[in-house]
Amino acid sequence: MKAIDINKLKEEANRCFLCKVPKCKKYCPIDTQIPAVIQLFKENKIDEAGEILFNNNPLSAICGVVCPHEDQCLGNCIRGIKDEPVNFYEIESFISREYLKNTKLKQENKLNERIAIIGSGPAGISLALILAKKGYKVTIFEKRSHIGGVLRYGIPKFRLPVGVLDDIENMLLDLNVKIRYNALVGPVITIDKLFEDGYDAIFIGTGVWNPKPLNIKGETFGHVHYAIDYLKSPNSYRLGDNVVIIGAGNVAMDAAKNHGASNVTVVYRKGFEDMTATKAEIKDAKEDGVNFELFKAPVEIIDEGVIFIDTKKLDDERKTMVNIEGSEKLINADSVIIAISQSPKNNIVSNTKNIDTNKYGLLVTDDEGHTTREGVFASGDVVTGAKTVVEAVANAKKVANSIEEYLKLKRV
Ligand SMILES: Cc1cc2nc3c(=O)[nH]c(=O)nc-3n(C[C@H](O)[C@H](O)[C@H](O)COP(=O)(O)OP(=O)(O)OC[C@H]3O[C@@H](n4cnc5c(N)ncnc54)[C@H](O)[C@@H]3O)c2cc1C
């Protein structure tokens, strides 16, 4: 992690125009009060700035690091039209990290209602912090041995050091949140059992952890891995020298940069302009020496590598791709990593009645996060499909309000 130079951050803050109608704020999915925070930072009111950031976004310290800033605050900074845009996200990370380290939160109230939160990714953690702070009795059920979800078991540590998650965990414990680690909800602990034990509301924030398959021959071979599995414990794998990564989102870039193989090639069926990975991630991968092979679709995986067929765009507007017959070629690989998105696992819905899913297996909710079963709420990737951390937090905030509304109505 880079050492922080406060003077540099101050210089950066001084470059901000403090726009009256800030575009950076408008394009922030969680509406961060950027000029107000920069002003406080300039006045050395770091605690106050930290409180504003935390109250608006309990994962501000993380969003400052992992948000796709080029599409949000950074990419919409007015200063960036003629000059370099202001790096607000570095100022945000610094302030929010200090806030987490120095703040001991207390429950504002003691309320009787018990809330179960299933999953401790960005959605579950945000909801737990908001509701526990208000005084509810919150229990998190997490199937892994640590909290964080993708933040710990997906995004590599060189991008997001886990210390920030440890600080958040301490904050949860300060707020009397009970955490049941290694507790998979579905087969043994069921939604019905949670209600029988007196939980008043249940939140599902279990994310998307089923890799989407390519559905081609050879996908079950021993040298083939799914990125979402690989990133959980990259050190367990012996990938060899030549690694082919199929896909071009951030998950593919994280898998591409996350090991010591000497020859890593990302292969994608479209062009750079169509990649869903951020420009910064693609640039980092290139700087890391990752090769890119574009306009190639996988046809079959064999022991020696992957056979790809060339593709081309049929029509630019609709971006329909077609294969060029007869262009099949082998790209050699000791290991193949597939990174073409994820869908939800069905541990909960297959053991519970009345929680509807759509054709992709995502939970069906209304805009406020009510599922089709009374008292059960959901948000995050398990509802939206694979998105971003800040969107998971923003939606969790909305659901926290609807859980409160629901509990207030139950009381009368
Ligand atoms: C490799 C990778 C890199 C990414 N990089 C970025 C990035 O740079 N920036 C960005 O904004 N977004 C990024 N994303 C997307 C972002 O991380 C997700 O949108 C976000 O984590 C979704 O949060 P969530 O809480 O819905 O789900 P998750 O983070 O998936 O958390 C779900 C949690 O639920 C637990 N769980 C699942 N089922 C059960 C069960 N039955 N019982 C108990 N616990 C359960 C899981 O173990 C997990 O802890 C990335 C995603 C991946 C996979």
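Is His225 buried or exposed? At 17% relative accessibility, His225 counts as buried, where buried means under 20% relative accessible area, exposed over 50% and partly exposed in between, with a 1.4 Å probe and protein chains only. The model is predicted, so that local features need pLDDT of at least 70 and side-chain atom pairs count only at pLDDT 80 or more, while totals for chains, interfaces and linings use all residues. Residues are numbered from 1 along each chain as its sequence is written, and side-chain values use heavy atoms, with hydrogens and water left out.

His225 sits in strand E6, which covers residues 224-226; helices (H or I, at least four residues) and strands (E, at least two) are DSSP runs numbered from the N terminus. Apart from its neighbours within four places in sequence, His225 is in contact (heavy atoms within 4.5 Å) with Tyr237 and Leu239, and also with Ser335, Val336, Ile337 and Ile338.

The protein as a whole has 15 helices and 16 strands, and its C-alpha trace spans about 70 × 55 × 40 Å along the principal axes. Its radius of gyration is 23 Å, which agrees with the value near 22 Å that a compact globule of 412 residues would have; the radius is taken over C-alpha atoms, and the globule rule is 2.2 Å times the number of residues to the power 0.38. Buried residues make up 52% of the 412 residues, and of the contacts with a separation of 6 or more, 68% are between residues 24 or more positions apart. The accessible surface comes to about 19,900 Å², of which 48% belongs to carbon and sulfur atoms; such areas come from the Shrake-Rupley method with a 1.4 Å probe, and for residues only the protein chains shown count as cover.

We turn next to the ligand. It is surrounded by 34 residues, the closest being Val66, Glu142, Arg159, Val185 and Trp209, and a residue is near a molecule if one of its heavy atoms lies within 4 Å of it. By class, this shell has 17 nonpolar, 10 polar and 7 charged residues; Ala, Val, Leu, Ile, Met, Phe, Trp, Tyr, Cys and Pro count as nonpolar, Asp, Glu, Lys and Arg as charged, and the others, Gly among them, as polar. Helix H7 (122-134), helix H12 (250-257) and helix H15 (389-411) each supply at least two residues of the shell. A backbone N or O atom of Val150 lies 3.0 Å from an oxygen atom of the ligand, a backbone N or O atom of Gly149 lies 3.4 Å from a ligand oxygen, and a polar backbone atom of Lys387 is 3.1 Å from an oxygen atom of the ligand. Of the 1,000 Å² of accessible area that the ligand has on its own, the protein covers 96%.

Thr371 belongs to the loop between strand E15 (342-343) and strand E16 (376-378), and this residue is buried, with a relative accessible area of 9%. The side chain of Thr371 reaches the backbone oxygen of Val376 at 2.7 Å and the backbone nitrogen of Arg373 at 3.2 Å.

Asn354 lies in the loop between E15 and E16 as well, but at 54% relative accessibility Asn354 counts as exposed, and its phi is positive, about 70°, although it is not a glycine. Asn215, in the loop between strand E5 (210-211) and E6, has a positive phi near 60° and counts as exposed at 65% relative accessibility.

Key: Polar contact = N/O pair within 3.5 Å; in protein donor to acceptor, adjacent residues only side chain to side chain.
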